[in-house]
Amino acid sequence: MARVLIVEDDSYVRSAMVADLTRRSHVVRTAGTALDGIREVSNHPPELIVLDLGLPDLDGGQALKMMRTVTTAPVIVATARDEEAEIIRLLNDGADDYVVKPFSGEHLAARITALLRRASPGSAPAAVVAVAGLNIDQARREALLDGRRLDLSRREFDLLAYLAARPGMVVSRRELLTEVWHQAYGDDQTIDVHISWLRRKLGETAAR
């Protein structure tokens, strides 16, 4: 069971999704516009978001970027656009997965289950990774640098934890795309940007 937010302007589609997910024991809230969806995310933080791209007030891609400023919850985008370039753009903008309309309730439920399993791989505590002054508790999803808690997004934490567990090893962009982004393809620039953000948060500067 999870708290799921559905952002979908079609009332018929929205009702069908609510009925199916509720039947599967999820707690579902809904919004019919992007701005209402962003308010829902802020006021009632979900564990997963299903975001339609064809919203009446904002382009779904814009809504996705705005949501990413207030939540790290996994986002599944529902789109009628199946062009590869568009899918890559959405994934790079912060989506975790996508479904192409029309899709079945079983298909969406399977995607939700997979994302939730990935976000919460188990109740057993994970090992704490320590590298120099860096201390990463994967169970608590907490990273400390010299005793100071780092403010990391979900993706930044996953990336840092993956690299810190492999000190001295060369990790390719392709491996990061597969193991951290869970994508078969993507833009290398996205990885470079995240690495740059991590370096700044770890205290690295251009001068150093």
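Strand 6 (128–131) and strand 7 (134–137) run antiparallel and are joined by 4 bridges in this predicted model. Helices (H or I, at least four residues) and strands (E, at least two) are DSSP runs numbered from the N terminus, and two strands count as paired if DSSP finds at least two bridges between them. Within this pair, Val 129 has Ile 136 as its bridge partner, and Val 131 stands opposite Leu 134. The hairpin of strand 6 and strand 7 has 2 residues between the strands, and Ala 132 takes a positive phi near 55 degrees there.

Residues are numbered from 1 along each chain as its sequence is written. Local features need pLDDT of at least 70 and side-chain atom pairs count only at pLDDT 80 or more, while totals for chains, interfaces and linings use all residues; side-chain values use heavy atoms, with hydrogens and water left out.

Strand 7 also pairs with strand 8 (142–145), in the antiparallel sense and over 4 bridges. Ile 136 has Ala 143 in strand 8 as its bridge partner. In the hairpin of strand 7 and strand 8, 4 residues lie between the strands, and Arg 141 takes a positive phi near 55 degrees. These strands belong to an open sheet of 4 strands with the order 6-7-8-9 and antiparallel pairing. Strand 6 and strand 9 (148–149) stand at its edges with a single partner strand each, so one side of each has no neighbour in the sheet.

Helix 6 (residues 154–164) lies across strand 6, strand 7 and strand 8 and runs at about 115 degrees to strand 7. Axes are lines fitted to C-alpha atoms, for helices over the stretch in contact, and angles run from 0 to 180 degrees between N-to-C directions; contact means heavy atoms within 4.5 Å. Helix 6 is mostly covered, with 9 of its 11 residues buried (under 20% relative accessible area, computed with a 1.4 Å probe on protein chains only). Among the buried residues are Phe 157, Leu 159, Leu 160 and Tyr 162, as well as Arg 154, Arg 155 and Glu 156. The buried residues of helix 6 pack against strands 6, 7 and 8, and also against helix 7 (173–179) and helix 8 (188–201).

A further open sheet is formed by 5 strands in the order 2-1-3-4-5, with parallel pairing. Its edge strands, strand 2 (27–31) and strand 5 (97–100), each pair on one side only. Neighbouring strands of this sheet are turned by 20 degrees against each other on average, direction ignored. Strand 1 (residues 3–7) pairs with strand 2 over 5 bridges in the parallel sense, and Ile 6 stands opposite Thr 30 in strand 2. Helix 3 (residues 60–67) lies across strand 1, strand 3 (48–52) and strand 4 (75–79), at about 155 degrees to strand 3.

The second largest pocket has a volume of about 490 Å³. On a 1 Å grid over the protein atoms alone, a pocket is an open set of points where a 1.4 Å probe fits, with protein on both sides within 12 Å along at least five of seven lines; lining residues have an atom within 4 Å of a point. Grid points are joined across faces, edges and corners, and the volume is the space filled by probe spheres set on the points. Of the 22 residues lining this pocket, Arg 68, Gly 94, Ser 153, His 194 and Trp 197 are the closest to its centre. Helix 4 (84–92), helix 6 and helix 8 each give two or more residues to the lining, and helix 8 gives the most, with 6 residues.

Conventions. Buried means under 20% relative accessible area, exposed over 50%, partly exposed in between (1.4 Å probe, protein chains only).
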